[in-house]
Amino acid sequence: LTFTIEKPADPAAIDQEAIKDLVRKHPNVLDRRDPEVLLNTVSSKAEELRVYFWIKDITKTAYTTGEIRTQIYQLLDGKGLVVS
């Protein structure tokens, strides 16, 4: 999953462990491999957040990613980050 976060953003507000915990809690996420959260600077106006995880049932990919995307967006928005 990819999120674009507008700058100026406080990097400390992007709680990578909270994002990983959120992903781990989903019942369709494979628990043998830890989720990965990467923060890349895209430009002086935005940062790109990428979240990688592995799904147990590939036939539910759209459903699973949709649920997790919404939860991560709510987490970031709750910290005052502008996600576009």
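User: How do you know that helix 1 and helix 2 are roughly antiparallel to each other?

Analyst: Bear in mind that this is a predicted model. In it, the axes of helix 1 (residues 16–24) and helix 2 (residues 61–78) come within 10 Å and cross at roughly 150°. Angles over 145 degrees count as roughly antiparallel, so helix 1 and helix 2 get that label. Their crossing is right-handed.

User: Which residues in helix 1 and helix 2 meet?

Analyst: From helix 1 you have Ala 18, Ile 19, Leu 22 and Val 23, and they meet Ile 68, Gln 71, Ile 72, Leu 75 and Leu 76 in helix 2. Sorted by type, the contact has eight nonpolar residues, one polar and no charged.

User: What makes up the largest nonpolar core?

Analyst: It has 18 residues, and those with the most contacts inside it include Phe 3, Ile 19, Leu 49 and Leu 76. Strand 1 (2–6), helix 1, strand 3 (46–52) and helix 2 each give two or more residues to this core. As for Leu 76, its contacts, leaving out residues up to four places away in sequence, are Phe 3, Ile 5, Ile 19, Leu 49, Leu 81 and Val 83.

User: Why is Ile 58 called exposed?

Analyst: Ile 58 has a relative accessible area of 68%, and exposed means over 50%, so Ile 58 counts as exposed. You'll find Ile 58 in the loop between strand 3 and helix 2.

User: How far apart in space are Ile 58 and Gly 80?

Analyst: They're 33 Å apart, C-alpha to C-alpha, with a separation of 22 residues in sequence.

Technical notes: Residues numbered from 1 in each chain as written. Predicted model: local features only at pLDDT ≥ 70, side-chain atom pairs only at ≥ 80, totals over all residues. Heavy atoms only, no water. Axes fitted to C-alpha atoms, helices over the stretch in contact; angles between N-to-C directions. Helix = DSSP H or I, 4+ residues; strand = E, 2+ residues; numbered from the N terminus. Parallel < 35°, antiparallel > 145°, perpendicular 65-115°, else oblique. Left-handed = near helix turned anticlockwise from the far one by under 90°. Contact = heavy atoms within 4.5 Å. Nonpolar A, V, L, I, M, F, W, Y, C, P; charged D, E, K, R; others polar. Core = buried A, V, L, I, M, F, W, Y, C linked by side-chain atoms within 4.5 Å. Buried < 20%, exposed > 50% of the residue type's maximum accessible area, 1.4 Å probe, protein only.
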